[in-house]
Amino acid sequence: MRIVDYFWHLALPLTCFVVGSFAVTTLLTKNTFVEEMRKQYVLVARSKGLSEKRVLWKHVFRNALIPLVTGFPAAFVGAFFAGSVLIETLFSLDGLGLLGYESVVRRDYPVVLGSLYLFTLIALVVKLVSDILYVVIDPRVQFGAVGR
């Protein structure tokens, strides 16, 4: 029964995390798709007689994903780090965001550096995944060609 209680008390903070980051991602997605729909290559694809489904999936979707994949790490890291301090304070949870903030206030430098190290490691992993997805979405990008 304790595990169910634990998950029940985490439901609202996790919902706040998801809703906050979902709003940022949704706004970024909408703006990107609207911008891509106004470009001339969409008009050319439609005038060639391609179906609306094919225009959206083959042209607009692929080109709209590029800014999303490059902007997602910044949105995720910002929502995760900044939001964690606020949500942990609001719901009286002990977490890494509040630990990092309190250690800065108390000038506990080893804890500050440890939490900074962990947050930086998370951000680098998210950025690495973003770069890999960028190559999958746009095969014209080749990171190996830069070093030659």
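Buried means under 20% relative accessible area, exposed means over 50%, and partly exposed is in between, with a 1.4 Å probe and protein chains only. This is a predicted model, in which local features need pLDDT of at least 70, side-chain atom pairs count only at pLDDT 80 or more, and totals for chains, interfaces and linings use all residues. Residues are numbered from 1 along each chain as its sequence is written, and side-chain values use heavy atoms, with hydrogens and water left out.

**Ser-103 and its helix**

At 4% relative accessibility, Ser-103 is buried. Ser-103 belongs to helix H4 (residues 96-105); helices are DSSP runs of H or I with at least four residues, numbered from the N terminus. A polar atom of the Ser-103 side chain lies 2.9 Å from the backbone oxygen of Gly-100. Leaving aside residues up to four places away in sequence, Ser-103 touches Asp-108, Val-111 and Val-112, where contact means heavy atoms within 4.5 Å.

**Helix packing**

Two packed helices are described by the angle between their axes and the distance between the axes. Axes here are lines fitted to C-alpha atoms, for helices over the stretch in contact, and angles run from 0 to 180 degrees between N-to-C directions. A crossing is left-handed if the near helix is turned anticlockwise from the far one by less than a right angle, and right-handed if clockwise.

The axes of H4 and H5 come within 8 Å and cross at roughly 145°, and this crossing is left-handed. On the H4 side the contact is made by Leu-96, Gly-97, Leu-99, Gly-100, Ser-103 and Val-104, and on the H5 side by Val-111, Val-112, Ser-115, Leu-118 and Phe-119.

For helix H2 (residues 40-47) and H3, the axes come within 10 Å and cross at roughly 155°. That makes H2 roughly antiparallel to H3, a term for angles over 145 degrees. The H2 and H3 crossing is right-handed. Residues Tyr-41, Val-42, Ala-45 and Arg-46 of H2 meet Glu-52, Val-55, His-59, Val-60 and Asn-63 of H3.

**Aromatic pairs**

Rings of Phe, Tyr and Trp (its six-membered ring) pair if their centres lie within 6.5 Å; planes under 30 degrees apart count as stacked, over 60 as edge-to-face and the rest as tilted. How many aromatic pairs does a search of the whole structure find? There are two.

| Pair | Centre distance | Plane angle | Class |
|---|---|---|---|
| Phe-33 and Phe-61 | 6.1 Å | 40° | tilted |
| Trp-57 and Phe-61 | 5.0 Å | 55° | tilted |

Phe-33 lies in helix H1 (residues 2-37) and Phe-61 in helix H3 (residues 52-90), so their pair ties together parts that are 28 residues apart in sequence. Trp-57 and Phe-61, by contrast, both lie in H3, four residues apart, about one turn of the helix. Ring pairs link Phe-33, Trp-57 and Phe-61 into a cluster. Phe-33 is partly exposed at 23% relative accessible area, Phe-61 is partly exposed at 31%, and Trp-57 is exposed at 54%.

**Leu-128**

Leu-128 is in helix H5 (residues 109-137) and is exposed, with a relative accessible area of 51%. Between Leu-128 and Glu-36 there are 25 Å in space, C-alpha to C-alpha, and the two are 92 residues apart in sequence.

Methods: Helix = DSSP H or I, 4+ residues; strand = E, 2+ residues; numbered from the N terminus. Polar contact = N/O pair within 3.5 Å; in protein donor to acceptor, adjacent residues only side chain to side chain. Parallel < 35°, antiparallel > 145°, perpendicular 65-115°, else oblique.
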